[in-house]
Amino acid sequence: MARLENLQADDIQVYGWAVTHGTLVAEEAALGLGLPPARVDRAVELLAAVPLIQPVGPAGRSTDAGLPGAWKPLDPQPAGAEVAAAESRLRRRLSGIFSIWDTVETLSALYGDSAQDHARTVPLELVESLDDVVGMLEEASNACRLEVMTSQPGGGRPAAELEQSIVRDLAMIERGIQMRTLYQHTARHHAPTQVYVERATAAGAQVRTLAELFGRMIAFDRRLVFLPHTQAKGGAAVIRDPSTVAFLCTAFDRSWQSGTPYSPALPDGEVREDIKLAILAMLSEGMRDETIARRLGVSLRTCRKYIADLFELLGAESRFQAGYLTRAKNLLDHKAGL
């Protein structure tokens, strides 16, 4: 069955002809409108089916008026009643859809609030994606209000990482956030780290170094701590448990008290002695060169040079002798000069 939406521009022209002339004869309309007779016949068929026209007499036969196949136009309002009914049905459906969307939005808000509350209270969250960790660090930095404590073992950090960090760190310092960072002594000789420290300390950050650090961590406001993921490279363990966070922050505070304020590349005697004593302690524990190098944040080659220098100073020819002489001279107990 034809509907109003089936009508095209030519069909409407034919209906307009019928309205203008009072009656519609296909042959006359085709001639007057300049349309193919077959197209007008098709229009008559559609208009009659809607219906927008009806035959003056029996369709296709002469009437009393002598009009072959004449049609008269009808008021389109009754035909439009179907459209109004369809519109009414559509409006009811739309109303139902809007109601469903309102329900979905309400449920989503409840879920979102719950998810955020859950995230804030989860004591330990393992995040494997580096992008997710970076996003969480940005969020934690923006939410930070009091202080940030960072422990960065392993010598100098990559230049790209430092450049990314300085932007975030300077923004926090400008907001009045206290920032303390621990590096290992070996980071003093790393040019990109020197540039980072110079910019950060000029803005108000504090940086100290130790021969060896307890591990890598970033703590925000003593409420949130990021630790490295042990299995996923670039991932993190995000800790919110108050007792664990307090323990880690206390470990940082103790290391900070033992640290030496950062000064650029030129090594001072205290720093060099700290490194030597750390190596002696690890040698006494029987650690391998590779392990000592990793814990000091230096290359294996540099580590072995330190060890060779110590052997020479002690007059030792082996690890066993070095350990014996270290204990005999009480170097680790009294930190006697080397």
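## Close-up views of the predicted model

**Surroundings of Ala219.** Leaving aside residues up to four places away in sequence, Ala219 touches Glu147, Val148, Met149, Leu224, Val225 and Cys249, where a contact means heavy atoms within 4.5 Å. The model is predicted, so that local features need pLDDT of at least 70 and side-chain atom pairs count only at pLDDT 80 or more, whereas totals for chains, interfaces and linings use all residues. Residues are numbered from 1 along each chain as its sequence is written, and side-chain values use heavy atoms, with hydrogens and water left out. Ala219 belongs to strand E8; helices (H or I, at least four residues) and strands (E, at least two) are DSSP runs numbered from the N terminus. With a relative accessible area of 1%, Ala219 is buried, a term that stands for under 20%, with exposed over 50% and partly exposed in between (1.4 Å probe, protein chains only). Although Ala219 and Glu147 are 72 residues apart in sequence, their C-alpha atoms are 8.2 Å apart in space.

**The largest pocket and its lining.** The lining of the largest pocket is made up of 36 residues, and those that lie nearest its centre are Leu137, Gln152, Glu161, Arg216 and Ile218. Two or more lining residues come from each of helix H5 (130–143), strand E5 (147–152), helix H6 (159–174), strand E6 (178–184), strand E8 (217–220) and strand E9 (224–228), and H6 gives the largest share, six residues. The space in this pocket is about 860 Å³. On a 1 Å grid over the protein atoms alone, a pocket is an open set of points where a 1.4 Å probe fits, with protein on both sides within 12 Å along at least five of seven lines, and lining residues have an atom within 4 Å of a point. By type, the lining holds 19 nonpolar, eleven polar and six charged residues.

**Ser165 in helix H6.** Ser165 is found in helix H6, and its relative accessibility of 4% means that it counts as buried. Not counting residues up to four places away in sequence, Ser165 touches Arg157 and Tyr196.

**The aromatic pairs.** The structure holds two aromatic pairs, where the rings of Phe, Tyr and Trp (its six-membered ring) pair if their centres lie within 6.5 Å, and planes under 30 degrees apart count as stacked, over 60 as edge-to-face and the rest as tilted. Phe220 and Phe226 form an edge-to-face pair, at 5.9 Å centre to centre and with 80° between the planes, and both Phe220 and Phe226 are buried. The rings of Phe252 and Trp256 are stacked, because their centres are 6.1 Å apart and their planes lie at 15°. Phe252 and Trp256 both belong to helix H8 (residues 242–258), where they are four residues apart, about one turn of the helix. Phe252 counts as buried at 0% relative accessibility, and Trp256 counts as buried at 6%.

**Charges over rings.** The charged end of Arg180 sits over the ring of Trp256, 5.3 Å from its centre, and the charged end of Arg188 sits over the ring of Tyr262, 5.7 Å from its centre. This arrangement requires NZ of Lys or CZ of Arg within 6 Å of the ring centre and within 35 degrees of the ring normal.

**The whole chain.** The protein chain has 13 helices and eleven strands, and buried residues make up 38% of its 338 residues. Of the contacts in the protein chain with a separation of 6 or more, 69% are between residues 24 or more positions apart.

Methods. Points joined across faces, edges and corners; volume = space filled by probe spheres on them. Nonpolar A, V, L, I, M, F, W, Y, C, P; charged D, E, K, R; others polar.
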